[in-house]
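Work through these exercises with the model open beside you. Each task comes with a step-by-step solution.

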Amino acid sequence: MARPLKPPDERPVLVFNTEVRIYAFEPELLAYFAQYQPGQYATAIKRAIRAALNGGELALGGPLALPVAATADDDDDNFGDFVS
């Protein structure tokens, strides 16, 4: 018997399979992945991406800080600084 479907908000919206190659000249990546078991590499990649999106900080439990697009008002205020 098949498992019941999860609600839509608990289903992934993007799933991809990829092959990641780590070479001997990338010791920092080797050290990072050495912390994880082979079945946990997807989690390791997601944690690294979250840390990078948070400005390189390791505050992985915090909210994700994505860049915010400038509004038209912000552009007008900065434009005068560059035009004489």
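**Exercise 1. How many residues does helix α2 have, and what span does it reach from its first C-alpha to its last?**

Solution. This is a predicted model.
- Step 1: find α2 at residues 41-53; the helix has 13 residues.
- Step 2: take the span from first C-alpha to last, which is 18 Å.
- Step 3: compare with expectation. At 1.5 Å a residue, 18 Å is expected, and α2 comes close to that.
- Step 4: look just past the helix end. There G55 takes a positive phi of about 80°.

**Exercise 2. Describe the overall fold pattern and its exposure.**

Solution. 
- Step 1: count the elements. The protein has 3 helices and 0 strands.
- Step 2: read along the sequence; the pattern is α-α-α.
- Step 3: check burial. The protein has 84 residues, and 7% of them count as buried, with the cut-off under 20% relative accessible area.
- Step 4: take the exposed surface. The protein exposes about 8000 Å², and carbon and sulfur atoms supply 59% of that area.

**Exercise 3. Which side chains meet in a salt bridge, and are R21 and E19 buried or exposed?**

Solution. 
- Step 1: Side chains of opposite charge can pair when their charged atoms come close.
- Step 2: apply the cut-off of within 4 Å. The count comes to 1 salt bridge.
- Step 3: name the partners. R21 and E19 meet at 2.9 Å, N to O.
- Step 4: classify both residues. R21 has 57% relative accessibility, so R21 counts as exposed. E19 has 59%, so E19 counts as exposed too.

**Exercise 4. Which residues form a nonpolar patch on the surface?**

Solution. 
- Step 1: list the members: V20, I45, I49 and L53.
- Step 2: take their accessible area together, about 320 Å².
- Step 3: classify I45. Its relative accessibility is 32%, so I45 counts as partly exposed.

**Exercise 5. How much space lies in the largest pocket, and which element gives the most to its lining?**

Solution. 
- Step 1: read the volume, about 610 Å³.
- Step 2: find the lining. It has 15 residues; F16, Y41, A42, I45 and K46 are the closest to the pocket centre.
- Step 3: assign the main contributor. α2 gives the most to the lining, with 6 residues.

Technical notes
Residues numbered from 1 in each chain as written. Predicted model: local features only at pLDDT ≥ 70, side-chain atom pairs only at ≥ 80, totals over all residues. Heavy atoms only, no water. Helix = DSSP H or I, 4+ residues; strand = E, 2+ residues; numbered from the N terminus. Expected span 1.5 Å × (residues − 1). Buried < 20%, exposed > 50% of the residue type's maximum accessible area, 1.4 Å probe, protein only. Areas by Shrake-Rupley, 256 points an atom, 1.4 Å probe, with all protein chains shown as cover. Patch = residues over 30% accessible without salt bridge, like charges linked within 9 Å, V, L, I, M, F, W, Y side chains within 5 Å. 1 Å grid on protein atoms, 1.4 Å probe; cavity = no way out; pocket = protein on both sides within 12 Å on 5 of 7 lines; lining within 4 Å. Points joined across faces, edges and corners; volume = space filled by probe spheres on them.
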